[in-house]
Amino acid sequence: MADMELSSLGLDRRRVLLGGAAVLASPFLLTRRAFAAEGGSPLPLPPLVDADGSQPVTLTARAGNHAFVPGTRTPTLGYELDYLGPTLRVRRGRSANIDVVNRADDQITAHWHGAHVSGNMDGGPQTAFDPGQSSAARFDVHHPAATLWYHSHVHGKTGPQVYHGLAGFLLVEDPAVPHGLPSDYGVNDLPLVVQDRSFDSAGRLVYDISGMALMGGFLGDTICVNGAVTPVADVPRGLVRLRLLNGSNARFYDFAFADGRRFHQVASDGGLLPAPVARSHIALAPAERAEIVVDFSADTAPVHLVSAGIAQGGMMGGGMMGGNAGSGGAIEIMTFAPGTAPATGPATLPASLPAPPMDFGAPVRTRDFRLDMHAGSMIGSMFSRLIGSSGSIMGINGKSYDMGRIDAELRAGETELWRISAPMMTHPFHVHGTSFQVVSRGGQRVDPATEGLKDVVVVDGRGAEILVRVDQQADAATPFMLHCHILEHEDAGMMAQFTVA
Ligand SMILES: [Cu+2]
């Protein structure tokens, strides 16, 4: 098994660094605003819904009213729920059967992030639909077992819609391929969507991307998991599988346990790894997922999941745009409270896992994508444009996203090498309709055995290279997207679209 060394995380959990402010306080006191966001409430668990039956399940997007901390409610959005949506489960070899209904007050979609579906079923911006309408999602599940997710994807509105709650988990299972991992949903198999949010003094959600917040992406000052502020999850004393999703609009995390314990990563964005990988921390950019298995069998005291404070995106060589904590501080994410009973699931991790094949072969062509913070102007004018400007200043290869323009035409089944560059800051680059193999990232070759299949890759100033093969079709009416998953960048135009024929 590969082994990753612990970085120098400053893991004094009583010293909470967030938004640049050091607070000596309870480990759960996270906000420096007047709103006292006391955490410690039970971890909310989204209901598990099988979405591959003969009758469609309904996924209604609507306004909600949600308490991130007990006793204080705020207007939100959700699918079926007040905030976020149910965990949809589909099985490989069956067909997803979902009716997405819009009872919100604006256009929405449900994009199946990471799923291998055709363009017309992808829930991209071209398929946004109005309040009062519905959209039938019907697609065969080709995907290997994986932790995927869904979220609204309306151009220019993805950031605020996801921020207010239009997101949920989409789990793919493969009944024909046993893996031996903990799989008792809500017991020893927990979905955890980590999101940073900000609240005003009355406890209402704040989404303000004026000025500099647009540049770095929105950063909240309060960490929520499944819609609760730094919650506590009861777990059995044994192996527990955590499906981590960075559902934040712009914040990067480097997750670890406060006691420095090791755990095993068993899956990344697109499915299982060939074997469990021992780690002491794991970095996740916006939209990235990792499944990890943690051993609580010897624990009698609470166990704290934290994140190192990550400099946001390495903007312009490491300067800070928007105020994530610098290195050395640890952010409290949530707490696990091991119970008194032994776990009933597997007691040991399998030595190997049924990973999906990474059979990309040699690329037949190469494409270059440059993630631009502005199109062709000097940096000084970029700042002046930002202030009071709602125009697009983000783009790819010098062009801001245009729904009427096809930026690339792919042939189904052909492997391509994509070279992605990001001269200004670090961006999480996402491709719709497929999973890809990362060849290099941050100037280093990547080991596919520890990286797995991906649909998001972190691109810093040293660039990234990926092998992409899309087997699903997408025509010009409903093309696939490629974009930055910092949602404020995406909304501002750091997105392009491609067909597959
Ligand atoms: Cu970006």
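Two strands are said to pair if DSSP finds at least two bridges between them, and strands (E, at least two residues) are, like helices (H or I, at least four residues), DSSP runs numbered from the N terminus. In these terms S19 and S20 form a hairpin with 2 residues between them. The structure is a predicted model, in which local features need a pLDDT of at least 70 and side-chain atom pairs count only at pLDDT 80 or more, while totals for chains, interfaces and linings use all residues. Residues are numbered from 1 along each chain as its sequence is written.

**Overall make-up and confidence**

- The chain contains 6 helices and 35 strands, and 54% of its 501 residues count as buried, where buried stands for 20 or more other C-beta atoms within 10 Å of a residue's own, exposed for 12 or fewer, and partly exposed for the range in between, with C-beta atoms placed from the backbone.
- Among the contacts with a separation of 6 or more, 78% are made by residues 24 or more positions apart, a contact being two residues whose C-beta atoms, placed from the backbone, lie within 7 Å.
- The average pLDDT of the chain, which is the predictor's confidence in each residue on a scale from 0 to 100, is 87, and 85% of the residues score at least 70.
- Over residues 1-37 the pLDDT stays under 50, and the model has 94 contacts beyond four places in sequence for this stretch.
- The pLDDT is also below 50 over residues 375-381, a stretch with 6 contacts in the model beyond near neighbours in sequence.

- Strands S10 (residues 146-151) and S11 (residues 167-173) run antiparallel and are joined by 6 bridges, with threonine 147 standing opposite leucine 171 in S11.

**Strands around S19 and S22**

- Strand S19 (residues 263-268) pairs with strand S20 (residues 271-279) in the antiparallel sense over 5 bridges, and the bridge partner of glutamine 265 in S20 is valine 277.
- S19 also pairs with S22 in the antiparallel sense, over 3 bridges, and here histidine 264 has valine 293 in S22 as its bridge partner.
- Strand S22 (residues 289-295) is mostly covered, with 6 of its 7 residues buried.
- Strand S17 (residues 239-246) pairs with S22 in the antiparallel sense over 7 bridges, and leucine 242 stands opposite isoleucine 292 in S22.

- Not counting residues up to four places away in sequence, isoleucine 333 touches Val194, Ile223, Val225, Thr230, Phe255, Leu305, Val306 and Ser307.
- Valine 303, in strand S23 (residues 303-308), is partly exposed, with 19 other C-beta atoms within 10 Å.
- The C-alpha atoms of valine 303 and alanine 258 are separated by 7.3 Å, although the two lie 45 residues apart along the chain.

**Positive phi values**

- Most residues other than glycine have a negative phi.
- Leucine 84, not a glycine, has a positive phi of about 65 degrees; leucine 84 lies in the loop between strand S5 (72-79) and strand S6 (87-91) and counts as buried, with 30 C-beta neighbours inside 10 Å.
- Asparagine 226 has a positive phi near 55 degrees; asparagine 226 is placed in the loop between strand S14 (222-225) and strand S15 (228-229) and is buried, with 23 other C-beta atoms within 10 Å.
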